[in-house]
Structure formats: structure tokens, C-alpha cells
Amino acid sequence: MTRSQASLGRYRISARGQFSLPASARRRWGIEDGGDVEVFDLGEAVVIFPGGPGTARDALARTLNAERYEQLLGRLTDPELLDE
């Protein structure tokens with residue numbers, strides 16, 4: 001990830017749970033006119049991946065090895081997340 005891709009921002013969520021994805025991310029992901037994203041709920045954070053179903057799983061599979069995955073599972077405190 002380049003420095004220009006790693007950016008923080010503060011976003012307001014509407015009463016209906018909506019927010020706007022920054023234009024720079026939409027351009028980079030090729031979804032300027034709309035498109036699919038996958039949301040991965042980590043319990044205390046949410047990660048958004050460009051693309052449709054399976055995108056988050058594929059990205060995480062490339063990133064996490066089995067040992068790291070087990071460490072992260074051990075930190076989950078929400079029983080509902082443990083089943084997902």
C-alpha cells in the first residue's frame with residue numbers, strides 16, 4: 001500500500017447506515033459509477049474490500065497464516081463472531 005492509499009478520514013453515517021466511499025478509492029477500485037464491495041466485520045472494526053462475495057475471504061487468506069488466524073480468533077469476545 002502506498003502512502004497515498006493509506007489515509008484516514010472521519011465519515012458520518014446516516015440514520016439509514018449509509019456513508020460515501022471516497023472518490024479516490026472508488027477510482028482506484030474501478031467503481032466510479034457504483035459497484036460491489038464486501039464488508040468484513042471484525043467486531044471492533046469493519047474492513048471494506050472492493051469486489052463481490054468472497055473478496056474479503058480471499059484477501060485475508062493471502063494475508064493471514066494459520067497461526068496468526070488462531071491468535072486473532074482468541075481475541076474475539078463476541079460469541080456470534082466466533083461462529084462466522
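Where is the place of Arg12? Arg12 is found in the segment before α1, in a predicted model whose local features need pLDDT of at least 70, whose side-chain atom pairs count only at pLDDT 80 or more, and whose totals for chains, interfaces and linings use all residues. Residues are numbered from 1 along each chain as its sequence is written, and side-chain values use heavy atoms, with hydrogens and water left out.

The protein chain has four helices and two strands, where helices (H or I, at least four residues) and strands (E, at least two) are DSSP runs numbered from the N terminus. From the N terminus on, these elements follow the order α-β-β-α-α-α.

Of the 84 residues in the protein chain, 10% count as buried. Buried means under 20% relative accessible area, exposed means over 50%, and partly exposed lies in between (1.4 Å probe, protein chains only).

Arg12 counts as exposed because its relative accessibility is 75%. Arg12 touches Gln18 and Phe19, not counting residues up to four places away in sequence; contact means heavy atoms within 4.5 Å. Among contacts in the protein chain between residues at least 6 apart in sequence, 10% join residues at least 24 apart.

Tyr11 also lies in the segment before α1, a helix that spans 23-29. Tyr11 counts as partly exposed because its relative accessibility is 43%.
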